[in-house]
Amino acid sequence: MRSLEEIYHAGETEWREGDFSVHRGFHFSAPGCHNSCGMLFYMKDGKLDRVEGDPLQPYNQGRLCMRCLSMMEIAYSEDRLKYPMKRARDKRGKDAWERISWDEALDIIEAEVNRIRDTYGAQSIMAMEGTGRGVNWQVPYLCYTGFGSPNFVTAFLAGDSCAIPRMTVAVTMLGGYLAPDFSEYNEERYDHPEFEYPETLIIWGANTVVSSPDGLLGWWFVDGMREAGTKLVVVDPQVTWLAAHAEVHIQPRPGTDAAVAMAMCNVIIQEGLYDWDFINCWCTGFEEFAEAVSEWTPERAAEVAWCDAEDIRRAARLIATNGRCAIQTGVSLDMSTNGTFAAQAAFALVILTGNIDKPGTNLPQVDPWGLELMYSAGYNEGVLSDEMKALRLDNNNTLRKGGFSGCASADQMLVALETGDPYPLKMCWIAGANPITCMGADAPRVYKAMRDNLDFTVVIDYVMTPTAMAVADLVLPCAMSWERNFLRSIFTPVRANKKCGSYYEAKSEEDIVIMVGKRVNPEHFAQFETDIEFLQHQIDLALNPRMSFVELADQSYDWPKQEYRRYEKGLLRGDGSLGFNTPSGRIELDPSMMKMFGMPSLPVYEEPVESPISTPDLFEKYPLVLTTGGRDWAFFHSEGRNTPSLRNMHVDPLVKVNPADAKKFGVKDGDWVWVENQRGRCRQRVLVNPGIMEGVVMADHAWWFPERKDEAAAPSFFGTFDSNVNNLTQQGVYGPHGFGSPYRGLLCRIYKCTEENSRMLPSEQIAAEGR
Ligand SMILES: Nc1nc2c(c(=O)[nH]1)N[C@H]1C(S)=C(S)[C@@H](COP(=O)(O)OP(=O)(O)OC[C@H]3O[C@@H](n4cnc5c(=O)[nH]c(N)nc54)[C@H](O)[C@@H]3O)O[C@H]1N2
Ligand SMILES: Nc1nc2c(c(=O)[nH]1)N[C@H]1C(S)=C(S)[C@@H](COP(=O)(O)OP(=O)(O)OC[C@H]3O[C@@H](n4cnc5c(=O)[nH]c(N)nc54)[C@H](O)[C@@H]3O)O[C@H]1N2
Ligand code: SF4
Ligand SMILES: [Mo]
């Protein structure tokens with residue numbers, strides 16, 4: 001019998017199988033994903049014919065999720081953009097596109113960039129992107145070194161409410177982000193001689209089997225449960241698959257996580273269940289932290305969070321006494337004004353119990369090659385002067401100035417766009433984002449600000465999105481994974497993909513950046529003739545590169561070994577000394593860096609800005625707590641609505657309602673309802689679900705209806721505003737560290753859609769309110 005290695009051509013990146021040429025590569029984007037699973041691209045007559053998971057790739061071991069498995073449905077779909085297109089400024093919002101050549105597109109971009117720079121200064125150009133896709137470093141690179149502007153920003157994501165808040169907290173506490181250990185740092189994976197599965201896994205505000213975020217595949221958790229009986233502690237207002245399998249499931253009122261986490265820490269401290277040897281040797285701030293959480297008895301937290309005090313105790317004891325423990329936190333902790341403190345207390349659970357950097361615990365993450373493939377790419381390459389850097393709209397936030405966010409403040413950007421204060425913003429470059437459908441809180445405000453104040457907007461995407469239709473003057477088609485050479489490092493391994501196909505005039509992000517860069521800063525971009533040279537440049541800037549891009553692409557990936565207990569071996573600090581990468585060299589439960597930046601350093605519980613307790617009058621009118629945007633198997637944010645087998649999994653926007661609340665508010669399963677608060681409303685269908693806690697509803701985010709071609713233009717933009725839960729969220733509200741906006745933990749009411757109350761749809765209303 002032939003071995004897998006033989007069948008799948010171990011060590012080769014390209015071979016023939018009958019009529020097919022087979023290419024060993026990775027998916028990354030487009031379409032979007034945080035991860036980068038090993039794929040085999042089967043090409044026939046120059047076209048992708050099918051994809052398979054690469055069984056020889058230890059990261060995903062041949063497995064693919066439904067988004068990759070349905071790739072063929074979008075690869076050559078009618079919805080895919082084929083050519084650059086322009087639209088006259090006075091036709092903004094209309095379906096009035098004109099096909100142009102890339103040369104003409106570049107002429108327009110060059111002329112507009114130069115005009116805006118000459119008239120207003122380079123700072124008036126902003127470049128934005130959504131979450132980590134294959135545009136992550138390319139867009140900031142173009143912004144800083146091409147346009148010469150410091151204003152790279154996430155696409156109106158209020159309060160940087162994704163990953164950055166948690167990342168900031170973890171870095172100030174222990175010098176790196178914390179991920180649970182499923183041996184993802186070693187190529188042998190589960191066969192690594194020292195690896196052992198976590199015995200307890202805390203899953204806090206995350207739905208990882210569905211979301212597989214930030215380089216981690218959720219099914220690794222299932223491996224642990226199956227192979228080693230890993231026990232779960234889940235903190236989530238809904239019964240997810242993971243919660244249904246949990247030893248302890250705590251359902252907190254959305255936005256109250258800090259109270260629950262502090263109470264768990266308090267139990268561990270009061271009952272003496274902490275690892276004193278570890279704390280004594282490797283931590284500072286224990287007494288200050290213990291004092292900060294001391295008033296949080298389980299009873300008090302349970303009252304605040306609408307959960308059970310005994311569950312809090314059980315969870316804390318399990319975490320402290322059941323051996324190796326790891327934590328996985330989710331975006332819920334980024335999406336609340338109190339979230340940074342919740343994250344601090346949640347991370348403290350594994351610190352207090354000594355579950356750090358040992359097998360089956362939590363490992364401070366480091367990038368194996370020290371590549372800069374994130375928001376700071378190009379920031380320090382000498383193109384931006386100190387004066388220009390000082391103009392960055394950082395909302396005067398000391399942590400942001402200290403480099404913790406790596407980008408400008410979306411909240412301040414919106415105000416500057418609307419008011420011209422401190423200076424006008426005139427151009428927007430958007431790649432890999434669809435802000436009026438998904439990322440932007442208060443979507444109507446984001447839409448109007450862009451529509452009315454921007455002179456020139458470019459959108460790069462693989463489909464015509466609501467944002468492109470609403471505000472773009474130029475739309476450029478982007479390549480999909482197999483149509484581009486790319487470099488990907490989300491922790492391990494470092495991967496390289498080789499282009500093996502093309503689609504009409506779609507281009508890779510790398511090619512687009514070089515082409516545009518040569519027009520807007522020819523001097524800097526003269527060093528790059530090809531995408532490979534550009535990719536090589538990023539490798540040349542890395543701290544520990546191990547080979548060239550071409551060499552890496554020839555072997556597909558590189559997986560440097562990572563040891564456990566690095567803090568005991570001097571492997572976590574730049575100077576080789578023992579300990580953690582913090583100012584004190586220890587884990588800081590009361591982080592000195594927070595104090596250095598003038599920020600609060602110890603957790604405090606504060607109610608969500610709108611809640612039954614903080615705004616009782618509002619609660620009378622809007623008697624349900626609202627959480628938004630839980631992840632879905634089928635969709636990656638606003639993507640996937642036009643991929644038939646994905647859409648069939650989830651046909652309509654859904655709001656999950658507990659049966660008791662459905663009865664109380666007179667709605668049934670399948671009813672179209674309005675979800676409404678004082679800022680706006682959107683319509684979604686009720687999914688009566690006993691798994692969602694009583695008093696809480698959970699509404700989908702990121703909806704649009706690409707099939708509604710006759711509603712593509714204003715005011716509907718593919719129906720996006722009518723079902724957009726971000727009609728109810730808000731901008732300019734964040735926590736004490738400047739991060740964390742309430743996308744979760746709001747108030748709302750729900751009522752049935754009727755003909756009468758649906759006469760004026762949100763899209764029409766937003767259009768009518770405009771100029
Ligand atoms: N398929 C798919 N995968 C994705 C994405 C996608 O759109 N689709 N998006 C990617 C991105 S950008 C991100 S940030 C990650 C996010 O990944 P996760 O953090 O896993 O995200 P969610 O499923 O949005 O939220 C997790 C859970 O939080 C619960 N929750 C809601 N409100 C609260 C609260 O106040 N407290 C607590 N404790 N729990 C709460 C929800 O019920 C949900 O089960 O996923 C990434 N992966
Ligand atoms: N209410 C609410 N709102 C939320 C959330 C929530 O939970 N609740 N989650 C928030 C979070 S955590 C995040 S990260 C944001 C995500 O927001 P975004 O990341 O902005 O997601 P999308 O709106 O799907 O926009 C991404 C666009 O990029 C395109 N695209 C995909 N791949 C590529 C590529 O390689 N190149 C280019 N040029 N384009 C590509 C897609 O077609 C899509 O149109 O949404 C946020 N919005
Ligand atoms: S996680 Fe899913 S969508 Fe992402 S690369 Fe892997 S299989 Fe594809
Ligand atoms: Mo995100």
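Biologist: In which hand does H10 pass H14?

Modeller: Before the answer, some ground rules: this is a predicted model, in which local features need pLDDT of at least 70 and side-chain atom pairs count only at pLDDT 80 or more, whereas totals for chains, interfaces and linings use all residues. Residues are numbered from 1 along each chain as its sequence is written, chains are lettered from A and ligands numbered from 1 in the order in which they are written, and side-chain values use heavy atoms, with hydrogens and water left out. A crossing is left-handed if the near helix is turned anticlockwise from the far one by less than a right angle, and right-handed if clockwise; H10 passes H14 in a right-handed crossing. Helices (H or I, at least four residues) and strands (E, at least two) are DSSP runs, numbered from the N terminus.

Biologist: At what angle do the axes of H10 and H14 cross?

Modeller: Axes are lines fitted to C-alpha atoms, for helices over the stretch in contact, and angles run from 0 to 180 degrees between N-to-C directions. The axes of H10 (residues 257-270) and H14 (residues 309-321) cross at roughly 60° and come within 9 Å. Angles under 35 degrees count as roughly parallel, over 145 as roughly antiparallel, 65 to 115 as roughly perpendicular and the rest as oblique, so H10 and H14 are oblique to each other.

Biologist: How is H10 placed against H13?

Modeller: H10 and H13 (residues 298-305) pack with axes 9 Å apart at an angle of about 165°, which makes H10 roughly antiparallel to H13. Contact means heavy atoms within 4.5 Å, and here Ala259, Val260, Ala263 and Val267 of H10 meet Pro298, Ala301, Val304 and Ala305 of H13.

Biologist: Is Glu639 buried or exposed?

Modeller: Buried means under 20% relative accessible area, exposed over 50%, and partly exposed in between (1.4 Å probe, protein chains only). Glu639 has 12% relative accessibility and therefore counts as buried, and its place is in the loop between strand S23 (624-628) and helix H27 (644-649).

Biologist: Which side chains make polar contacts with the side chain of Glu639?

Modeller: A polar contact is a pair of N or O atoms within 3.5 Å; within protein, one must be able to donate a hydrogen and the other to accept it, and residues adjacent in sequence count only if both atoms are side-chain atoms. The side chain of Glu639 makes such a contact with the side chain of Arg133 at 2.8 Å, and another, of 2.6 Å, with that of Tyr462.
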